[in-house]
Amino acid sequence: MRRVSRIAVAGVATAALAVTVSACGSSSTSSSSSSSDKNLGLALAYDVGGKGDQSFNDAATAGLDKADKEFGYKSTAVEPQDGESDADKTQRLETLAKQGYNPVIGVGFAYAPAVKEVAAKFPKTTFGIVDDNSFQAKNVANLVFHEEQASYLAGVAAAKATKTNVVGFIGGVDVPLIHKFEAGFKQGVADTKKGVTVKSQYLTETAAEGGFSSPDKGESAADGQIDAHADVLYAAAGLSGQGVIKAAAAHKVWAIGVDSDQYKQDALAKYKASILTSAMKNVEGAVYGLAKSVHDGKPETGEIRGSLANGGVSLSDSNPAFANDKAVQDAVKKAEEGIKNGSITVKTS
Amino acid sequence: MKKFDKERVLVAVAGPVIALVAAVLLTSVVLIASGKNPFEPYRLMLEQAGYSDVQVLIVNQASLYYIAAIAVALGFRMNLFNIGVDGQYRLGAMMTAVVGAHVALPSFLQVPMLLLVGALTGAMWAGIAGVLKVTRGVSEVVATIMLNSIATSVIGYLTLTDNLGVLVGDNVTTGIMKDSGWVPGIDLGQDVGEIYGLVFLAVALGIAYWLVLNRTRFGFDLRATGESETAAAASGVNAKRMVLTAMLISGAVAGISGLPLLLGDVHTYSLSFPAGLGFTAIGIALLGRNNPGGIALAALLWAFLDKASPALDYAVPVAYEKEIATIMQGLIVFAVVISYEAVRQWGLRRQQKQVGAQLAAEAANPNAHKEVAA
Amino acid sequence: MAVELTGITKRFPGVVANHDIHLTVRKGTVHALVGENGAGKSTLMKILYGMQKPDEGSIAVDGEQVSFSSPADAIARGIGMVHQHFMLADNLTVLENVVLGSEKLHGIGGGARRTIQEISDRYGLGVRPDALVEDLGVADRQRVEILKVLYRGARTLILDEPTAVLVPQEVDALFANLRGLKSEGLSVIFISHKLGEVLSVADEITVIRRGTTVGTAAPAQTTPRQLAEMMVGSELPTPETGESTVTDRAVLEVRNLTVHARGAVSLGTEAEPAAGGLTEFAPAGEVKKVLDDVTFTIHAGEVMGIAGVEGNGQTELIDALIGTKAADSGQIVFLGEDITPWATRKRRESGIGYIPEDRHRQGLLLEAPLWENRILGHVTEAPNAKGFWLNPKGAQADTRRIVEEYDVRTPGIDVTAASLSGGNQQKLIVGREMSHDPKFLIAAHPTRGVDVGAQAQIWDRIREARREGLAVLLISADLDELIGLSDTLRVIFDGRLVADADPATITPEELGSAMTGAATGHLHHSEDSAADTAPEDEAR
């Protein structure tokens, strides 16, 4: 038993040592050179699977590039690690704020707790949080969108375009944010044409499984829906949406893109004839807008919600086949007016 | 006897040291190949380790790694590969968060109760794989991998707002836990942060792990089964019961591995609760040679690589990719597997040779041996 | 001399080593190397073929000292080996198989084909270069293997148990080939334990027993019987039990014990290791009984020997007695108590000692220190445990005692079991089992792979315990050991106890013929009957 107690002592001592060692070093933020007199520009912190999704996150990057060009910023964008916790996100935002970036924007609702914590520590810096309005603070802009409104219009377009009376919805990950896309889409379809079936499917349960970042998953889901006679597919699935569009092109059915105007994207140029339209979410504008407001000395704060009315969300008409189809356009216009004047209320779930 | 003790220490230390050195060298090769300074990143990362707030992050993260790796190591010690630690961990954390949000006992009851909930959930989940293996011969590797996926879906279902979920913005959570279940940490100041109170749970688990394995009859049976299933069976170990028990304990430990974070910091299970801990833990258990002390060092090393590497992104004048740390972690796992096996065989041969030589010397001088024996 | 091995010694921890082996193979002869399984033949051939290095001794090829560090070195010196298990790629042609790895010799095209044809014709192998190997029968494949070796320029061929896979006609054809090789001046080392074949084909015979050469013989002046005696070594000191210590107190009674082959319906809990994988199901209605209605009684102070060719139910009998396999019907009564449903641990705690047949798999934790091995099997008993806790100090002290009392040659108790020699490992196991005062001991092959000195010590221990009233079930392939140690003898054949014999009068040969199922009932010793037939049996 003597040995046991020795090990217990060693264990406690080690733990105690760890604590004291921690207590004596200086902290990284207090010692790093805080050269925050000059604004370096804006900083984006992505969530897992961010950069290069041709969709949501890249839209944020586009906003950053635009701000860089206009204000001569040297902005930065940082990607996360796998399996990190809120503490890591907090540390990341803190580092960015300390280094003098303003505004600091967390892309994705996962940053909410971190933004909330760090914003309190850096009252002079403006923070942005995309897709979250769970809290408000004086120096935080909650950049949120009426995704369901654009999705409603996508639903109207899909209902008009379908010949088989079966349309499909493919969500990247089964989360409330994507449920909004689905709800708006379904309502749009139902209000436009009776008897159209919406096949609904989510690729994964969690983002960690790759629902937003696996074109192969999107493709096989799309193949399945096409087999079930769907001839218009709406994908709200980030990078995975590319697979959906590819499958649609291969089977000569319509795909509806999301977040950015996917008809115009180089990576999808091969398939663009099959991209009917895109339900756009102007993350680019929101990011740029926040940066501009900071630059102009009147930082935005509180909930900034993009809607059809303020152009924060919209339906693209770059595909001539879509833009020139009068019947469809009329229906879409009518629905848009209805949403704007409040005669149509789009559900969010 | 002294000599063989030293021998064993040598063999025990040689593996990880060789692995680490190899991993560092190979990482430097990667850096050189991509035209970067091959040493600067290490200096930057070590500098980070000197900052107290980074140290707090490291210790906190290591506590999660440690508990999960102990769960993996328990399985390893009896030749069970519990790949399901990740699912057991997430499910355990979620159930604990749910119970913590709905039940409010006094703190001295609430915390043990929550630990029990986490442990039972993890044990139940791992137990499914155990029962399948015992009754149907299903490999625990396959069963636990599948249970990981099933856990994901179960969590997705249970956290639907119709069931137990609470929507915060667009994030699905299980609601904030009652504060009697919050475990206070050691606050080291505004700039530095807080060390999770349950870091001490990790330490206690490490001690318990050592005691059970090395000082109890049960632990001996478990190790014997791991070393030679046939010998254990002949010595009277009920292999099936052992498999089931080991799975249950491993799962119970896995079930509480997320609790330092849950009870010490976030107080809710949400979409942003870190996933993948159980897989990282496999590497850590390997690196730590299933030894409680070794695992502690390995967990700290892993946490260090995790927490010191983000600084590489902001380094001036030249930024490095923080993925260097990920590359290094991968290389460590590789190197560990190879070097351990090599060192193990080398050690075995070396000992056999020494024993042979010693006995040959005795045989050459039989009278001397007789004197010793008499 | 084609090949000359002098004083070859190879030490392996835990297994029989080659010790001071001498082997001389003359040019243009077939030299047979005979010995029992595990006598050290394969180790010796691996040394000659460069797969292992000897610790002592020298190898000379064509009168020149050589040292091989890989088979490539051996091939370069003209030594080739045909393994028992063929190493051919089924989906390639004969030509491709032969050329594979030796593309430099004659290329891979016409040159190679010509050479193969030429070798085939010269030695009458009848090999077609373009045939697919998967279309060939076993004997043809063997000829391809021989050709492969010749193609690489071998002058000395090692054939490892070449007749094991052949039918008699094919054996004759092979022997004709071998004579062809011999007439061309090549040498063949022919490894076998089938004495009839050896005598018909070999020019010289070297016999190996317990890792060393015990002599050479010329076939013309040797009978199978003499060869068999050289192989099993009946001139060795045999164990003698002395006067009988058998009492009339029954320790173990086995009644109508029946065990079905795995997969059949089992009544008790089957303690098979779970990792064994999927259960194989026997076809319905076809339940093989691996133990069939076995009944016997062992009394205090009695050693009961079980003779039998391996695989006739001995393993199942041991498993059923120690409890790792459940009895499908029948009863095991130990000291008046029905222990049939008991788990292994309870059986061991109540006084059943166990020297398992495979000490590496069942008796030891090879990579654990000796003192942990001393705990194995007795983890619940003093001095290894105090209640729920282990007692390492107690176990270590007692291990030191066993090491001393049983003369386990080891530098200490912290070395791993794997670093001990087989004999010392076995002594440790015997010491461990005897330390818990068993009432009944299962001794399966207690001296297999053990050197002569340790063997005598183990026999002494068993005899000593028997005097003090221990009941022993002795299972062994060594008939001298069985006859010498046992008070009563039973013969097991196809899961049944078919015969019994009195060890005082029976001879190994008579026992041997009963083991093949040729004789049943009570075996009587007769001066002329079995004496000559037994070796013949072995030769077939």
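Residues are numbered from 1 along each chain as its sequence is written, while chains are lettered from A and ligands numbered from 1 in the order in which they are written. In this predicted model, local features need pLDDT of at least 70 and side-chain atom pairs count only at pLDDT 80 or more, whereas totals for chains, interfaces and linings use all residues.

**Exercise 1. Describe chain B as a whole: what are its secondary structure, its extent and its share of buried residues?**

Step 1. Helices (H or I, at least four residues) and strands (E, at least two) are DSSP runs, numbered from the N terminus. Chain B has 15 helices and 4 strands.

Step 2. Along the principal axes, the C-alpha atoms of chain B fill a box of roughly 85 × 60 × 35 Å.

Step 3. A residue is buried if 20 or more other C-beta atoms lie within 10 Å of its own, exposed if 12 or fewer, and partly exposed in between, with C-beta atoms placed from the backbone. Of the 374 residues in chain B, 54% are buried.

Step 4. Two residues are in contact if their C-beta atoms, placed from the backbone, lie within 7 Å. Taking the contacts in chain B between residues at least 6 apart in sequence, 75% join residues at least 24 apart.

**Exercise 2. Find the domains of chain B and state which elements supply the side of domain 1 that touches domain 2.**

Step 1. Domain bounds come from an automatic or database domain assignment. For chain B this assignment gives domain 1 as 1–36 + 326–374 and domain 2 as 54–319.

Step 2. The centres of the two domains of chain B, taken over C-alpha atoms, are 31 Å apart.

Step 3. Between them, 9 residues of domain 1 of chain B are in contact with 6 residues of domain 2 of chain B. On the domain 1 side, α1 (2–33) and α14 (323–364) of chain B each supply at least two residues. The largest share, 6 residues, comes from α14(B).

Step 4. For the classes, Ala, Val, Leu, Ile, Met, Phe, Trp, Tyr, Cys and Pro count as nonpolar, Asp, Glu, Lys and Arg as charged, and the others, Gly among them, as polar. The side of domain 1 of chain B that touches domain 2 of chain B has 7 nonpolar, 2 polar and no charged residues.

**Exercise 3. Work out the contacts that chain B makes with chain A and with chain C.**

Step 1. With chain A, 46 residues of chain B are in contact with 45 residues of chain A. On the chain A side, two or more residues each come from α1 (2–24), α2 (28–31), α4 (86–98) and α7 (176–192) of chain A. The most come from α1(A), with 11 residues. By class, this side of chain A divides into 18 nonpolar, 18 polar and 9 charged residues.

Step 2. The contact between chains B and C takes 33 residues from chain B and 44 residues from chain C. Elements that give two or more residues to the chain B side include α5 (107–136), α8 (217–227) and α10 (239–255) of chain B. The most come from α14(B), with 7 residues. This side of chain B has 14 nonpolar, 11 polar and 8 charged residues.

**Exercise 4. Trace the open sheet of 4 strands in chain C and explain why β12 and β15 stand at its edges.**

Step 1. Two strands pair if DSSP finds at least two bridges between them. The strand order in chain C is β12-β11-β14-β15, with antiparallel pairing.

Step 2. β12 (289–299) and β15 (337–338) of chain C each have a single partner strand, so one side of each is left without a neighbour in the sheet.

Step 3. β14 (residues 329–334) of chain C is joined to β15(C) by 2 bridges. Val333(C) stands opposite Asp338(C) in β15(C).

Step 4. Axes are lines fitted to C-alpha atoms, for helices over the stretch in contact, and angles run from 0 to 180 degrees between N-to-C directions. Helix α10 (residues 314–322) of chain C lies across β11 (250–260), β12 and β14 of chain C, at about 60° to β12(C).
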